[in-house]
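Have a look at the sequence and the model, then read on.

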Amino acid sequence: MRIVLLGAPGAGKGTVAKLLTEFDGSVQISTGDILRNAVKAGNELGKKAKGYMERGELVPDDLIMDIMEARMKDPDCQKGFLLDGFPRTIPQAEALKKLFEKIGMKLDAAINLDVPTDVILDRLTTRRTCSNSDCQEIYNVKSKPPKADGTCFKCGSPAVQRADETEEAIKQRLTTYNEKTSPLIDFYKKEGLLVIVKSLDSKEIANEIIKAVKK
Ligand code: AP5
């Protein structure tokens, strides 16, 4: 399947994407994970992105489009992809539409995970993420805790809070989402691709998405 996952920070895009990868071999492409890996590696992209990310602002569109155009042409994307955290602005969505036209691909759906703000705030302050950049399993001290010693069940690395999980950065990420990303809901509605999912259960959400894509 080829889908875009929309939703505020903490709505559960990464969690649902990881579940969906088990369905038909589609790969999760998370711009957030790609950028965090670049920051950790200290490469050119990481140096450019670090400040924006820590403040909870968006990384400039041109940097993101370069990464995504290259990534979507990788052979593992042939079976499909789950775009997690991209597009994030109207210019990114328009550039993606042009890219699809150029390479003769079609998007199946844009899924909006509609989660109430109080749930989102609770999830963001209790999330833990595996610090191993090849793993990045997502945990939550309430709903899906890591091992008792705070390490990842999959790879044994410490599960930690992200650099953008300070109260100030979370506030800024939600403001940025409302200003820059929420207009994409209307964009995809006009494209006839929007599917709104209101469930708060990740497995239920994954099943609803599979049903919507099969239609
Ligand atoms: P990114 O990594 O994309 O962060 P985000 O959009 O803020 O989304 P999150 O990863 O915080 O949340 P999520 O929706 O994936 O939720 P999760 O599944 O983890 O981006 C980070 C930064 O990178 C941006 O601020 C920006 O600077 C930059 N960036 C990235 N993409 C960009 C782009 N395209 N353009 C420009 N800049 C870009 O779940 C959250 C928590 O809830 C977890 O603890 C999880 O266990 C828990 N949880 C999830 N689902 C459930 C459930 N059903 N029930 C109970 N708990 C649940």
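## Starting at Asn-37

Leaving aside neighbours within four places in sequence, Asn-37 is in contact with Ser-133 and Gln-136 (contact means heavy atoms within 4.5 Å). Asn-37 sits in helix α2; helices (H or I, at least four residues) and strands (E, at least two) are DSSP runs, numbered from the N terminus. At 29% relative accessibility, Asn-37 counts as partly exposed. The cut-offs are these: buried is under 20% relative accessible area, exposed is over 50%, and partly exposed is in between, with a 1.4 Å probe and protein chains only. Asn-37 and Ile-209 are 172 residues apart in sequence, and their C-alpha atoms are 28 Å apart in space.

Before going further, a word on the model: it is predicted, so local features need pLDDT of at least 70 and side-chain atom pairs count only at pLDDT 80 or more, while totals for chains, interfaces and linings use all residues. Residues are numbered from 1 along each chain as its sequence is written, and side-chain values use heavy atoms, with hydrogens and water left out.

## A contact partner in a loop

Gln-136, one of the residues that Asn-37 touches, lies in the loop between β5 and β6. Gln-136 is buried, with a relative accessible area of 8%. Its phi is near 55°, a positive value in a residue other than glycine.

## Around the ligand

How many residues surround the ligand? There are 34, and the closest are Thr-15, Glu-57, Arg-127, Arg-173 and Leu-200 (a residue is near a molecule if one of its heavy atoms lies within 4 Å of it). By class, this shell has 13 nonpolar, 11 polar and 10 charged residues. Here Ala, Val, Leu, Ile, Met, Phe, Trp, Tyr, Cys and Pro count as nonpolar, Asp, Glu, Lys and Arg as charged, and the others, Gly among them, as polar.

A polar side-chain atom of Arg-127 lies 2.6 Å from an oxygen atom of the ligand, and an N or O atom in the side chain of Arg-162 is 2.9 Å from a ligand oxygen. For Gly-12, a polar backbone atom is 3.0 Å from an oxygen atom of the ligand. The protein covers 94% of the 1,000 Å² of accessible area that the ligand has on its own (areas come from the Shrake-Rupley method with a 1.4 Å probe). Elements that give two or more residues to the shell are α1 (13-24), α2 (31-41), α6 (117-126) and β6 (138-140), and α2 gives the most, with 4 residues.

## The nonpolar cores

A nonpolar core is a set of buried Ala, Val, Leu, Ile, Met, Phe, Trp, Tyr and Cys residues joined through side-chain atoms within 4.5 Å. The largest one has 31 residues, and Val-4, Ile-29, Leu-35, Phe-81, Leu-83, Leu-96 and Tyr-188 touch the most other members. Elements supplying at least two residues of this core include β1 (2-6), β2 (27-30), α2 and α3 (44-55). The most comes from α4, with 6 residues.

Not counting residues up to four places away in sequence, Tyr-188 touches Pro-87, Leu-107 and Leu-194, among others. A second, separate core of 23 residues includes Ala-11, Ala-17, Ile-205 and Ile-209.

Ser-26 lies in the loop between α1 and β2 and is buried, with a relative accessible area of 1%. A polar contact of 2.6 Å joins the side chains of Ser-26 and Asp-24. The term means a pair of N or O atoms within 3.5 Å; within protein, one must be able to donate a hydrogen and the other to accept it, and residues adjacent in sequence count only if both atoms are side-chain atoms. The backbone nitrogen of Met-1 lies 2.9 Å from a polar atom of the Ser-26 side chain.

Gln-28 is found in strand β2. Its side chain makes polar contacts with the side chains of Lys-18 at 3.1 Å and Asp-84 at 2.9 Å.

Pro-87 is found in the loop between β3 and α5.
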